[in-house]
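I have kept to what can be read from the coordinates.

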Amino acid sequence: MRFIVRRLAFYLLAFWVSITLNFLLPRFMPGDPVTRMFAQAANKMQPHQIEQLRQLFGLDERPIWQQYLTYVHNIFTGQMGVSISRFPTPVSEVIGSQIGWTLLLGGTALVIAVVIGNLLGILAAWRRGGVLDSVFPPILVFVGSFPYFWLAMAALYLFGVVLGWFPIRHAFDAGMTPELSWTFFSSVATHLFLPALTIVLVSIGGWMLGMRNTMIATTAEDYILMAEAKGLTNNRIMFRYAARNAMLPSVTAFGMSFGFIVGGALLTEVVFAYPGVGYQLLAAVQGLDYPLMQGIFLTITAAVLVANFIVDIVYVRLDPRVRVS
Amino acid sequence: MSVTNPSDTVALATPDAPTSAPASIRRPRHGLIRGILGNRKAAFGAGVLLVFAVVALAAPLLAPGNPSLITAIASQPPSAEHLFGTTAKGQDVLALTMHGARTSLLVGFVVGAAATLVGLLVGVASAYFGRVIDDLLSLVTNVFLLIPGLPLLVILAAFLPPGIGTVVVVLIITGWAGSARVLRSQALSIRSKDFVAAAVVTGENPLRIMFREILPNMASIVMSTFLACVIFGIGAQAGLEFLGLGDASVVTWGTNLYWASNDGALFTGAWWAFVPSGLCIALVAFALAMVNYAVDEVTNPRLRTKKKGRTRA
């Protein structure tokens, strides 16, 4: 329990740091980007909306600590201002309509990569020097060396443009409305395939090698020898004895890589014009839409922190040593 | 890979004659360097890096003039005259790729070195001083590790004035934390060794203990952290520039990809406009990763593939 409370305090602190960073950036950056943004957008806004944005970006003449308090209060009550590029939609609404796609893409890719990568790692470590152990790692490391977005471009070009097997942009066919029907789901799945595939390809090598190396250390333990001496079946030793103990670092890595996947999905989304928050973030950057940019950053951070917290709770369940200390 | 080499590296590390045994006890680091040189992965990686370094240095000779200038008919596939074809604007892709290597490698190595240095200072200070300083530095490190890197990169780059300098600064800010964590845990284990305690007791100056006693004993992990940071630097730079957050007028692999994508190379079938730069990034990253694995293998004998292989059939 103490462990959980400590972690929770840590995540709250991390979130506070990102809020503060968000607060400070527009106020202390050279070149005054916010004024540029206002010059561009002011003519289409209502006076009270301008006032709200001025507060958000510190253009009102109040002392800084007052501004800070208002800012934190606004963030926790979900008032992140209105989007400028998608005026007059509030930032929270823009993000709400898109975060689902990012979670779908990132989540699918992450789960697939973790499951396959770890399985490959377990098998490779079990048969040291076997085909899996000697052929796969170099190939996967090579594939993993490609930038996410470049692999996405290549896949898009090859399977989307040249071969025409998969759709090349957006999350479902144009003209469709989201509904609970088979045709809609299959459309979503075909659109998801290529982006998810590229993320899986790039990240799977890391999982495999990480698992392989922990597995190798685990198989040298005495209890594995003991299990062998007892005459247990190979599969039982491999999965119930060795892999189960070697899983722990992977569980921690799962939480960390959630942030990495959301970040990586950002570039993949841009290439495939996939309507997630990453794609929106770029649109916001190009449209000098600072409220939306900051809102997306905070949302992604919050999602990552929550994911890590969940992983911590699972970890307590999995590793009794954490409960004791 | 590396099925035959481990026995060589082991042989290299052992003294050649029994009579020289006392002298050879003090040669472990010599063995490390020779072990790395004798490793096939390392040799491959170093070779690839060398080729890229030479091309980058010689780019003004190999492809004289400004590579951004329009010198040919637009969107030509590779031919004898333009080995890598031309872009949608009519620039020579080969020249762009060779000149791109200059900035991309430079930024990658600068970011790698700076991020490792910051990580090293934080990590070693954290391990040496312990207590409050360790708690504080570890806290900062962990917060930076947790905040998602790419979105942070994007908003930092969006607020700062565009340019190569911004890209470097932003990448260092987001890249140091990972190395700090690795280096701290390594420094922590060395901190608990007796010779460090002895140095503390003899009243050596903390800076001297950190850099003359602790640091040399973690050379290999500093090296692999540095390589990982360079990989991060090159990849993240390309990502930022691909998003249009760098300086689009400077020729790098990232801006090449940005322009290729902006000019619709994917949809007009101009694969030659985006394949070379991406392949170069991948090759450099792969070569660095290979050197990194070689360092790991030489310093951690457990990871070497045993010749006998299957202990369990």
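1. Leaving aside its neighbours within four places in sequence, which residues is B:G112 in contact with? The model is a predicted one, and in it B:G112 is in contact with B:F226, B:C229, B:V230 and B:G233 once those sequence neighbours are set aside.

2. As for its setting, B:G112 is placed in helix α5 of chain B, the helix that covers residues 93–129. The residue counts as buried because 25 C-beta neighbours lie inside 10 Å of B:G112, where the cut-off for that class is 20 or more. A further point of orientation is the distance to B:D135, which is 23 residues from B:G112 in sequence and 25 Å from B:G112 in space, taken from C-alpha to C-alpha.

3. Turning to chain B as a whole, its secondary structure consists of 14 helices, with zero strands, and the order along the sequence is accordingly written α-α-α-α-α-α-α-α-α-α-α-α-α-α. Chain B has 313 residues, of which 45% are buried. If one takes the contacts in chain B with a separation of 6 or more, 71% of them are between residues 24 or more positions apart.

4. Chain A can be described in the same terms. There are 14 helices and zero strands in chain A, and from the N terminus on the elements read α-α-α-α-α-α-α-α-α-α-α-α-α-α. Chain A has 325 residues, and 42% of these count as buried, while 75% of the contacts in chain A with a separation of 6 or more join residues 24 or more positions apart.

5. How many residues of chain A are in contact with chain B, and how many of chain B with chain A? The contact involves 52 residues of chain A and 45 residues of chain B. On the side of chain A that touches chain B, at least two residues each are supplied by α1 (2–28), α7 (131–145), α8 (148–162), α9 (182–219), α11 (234–272), α12 (277–286) and α13 (290–318). Of these helices, α13(A) provides the largest share, which comes to nine residues.

6. Finally, there is the composition of this side of chain A. Sorted by class, the residues of chain A that touch chain B are 35 nonpolar, 15 polar and two charged. For any later discussion of this contact, please bear in mind that the size of an interface is often given as the accessible area lost when the parts come together, whereas the figures quoted above for the two chains are counts of residues in contact.

Definitions and conventions:
Residues numbered from 1 in each chain as written. Chains lettered and ligands numbered in written order. Predicted model: local features only at pLDDT ≥ 70, side-chain atom pairs only at ≥ 80, totals over all residues. Helix = DSSP H or I, 4+ residues; strand = E, 2+ residues; numbered from the N terminus. Buried ≥ 20, exposed ≤ 12 C-beta atoms within 10 Å, placed from the backbone. Contact = placed C-beta atoms within 7 Å. Nonpolar A, V, L, I, M, F, W, Y, C, P; charged D, E, K, R; others polar.
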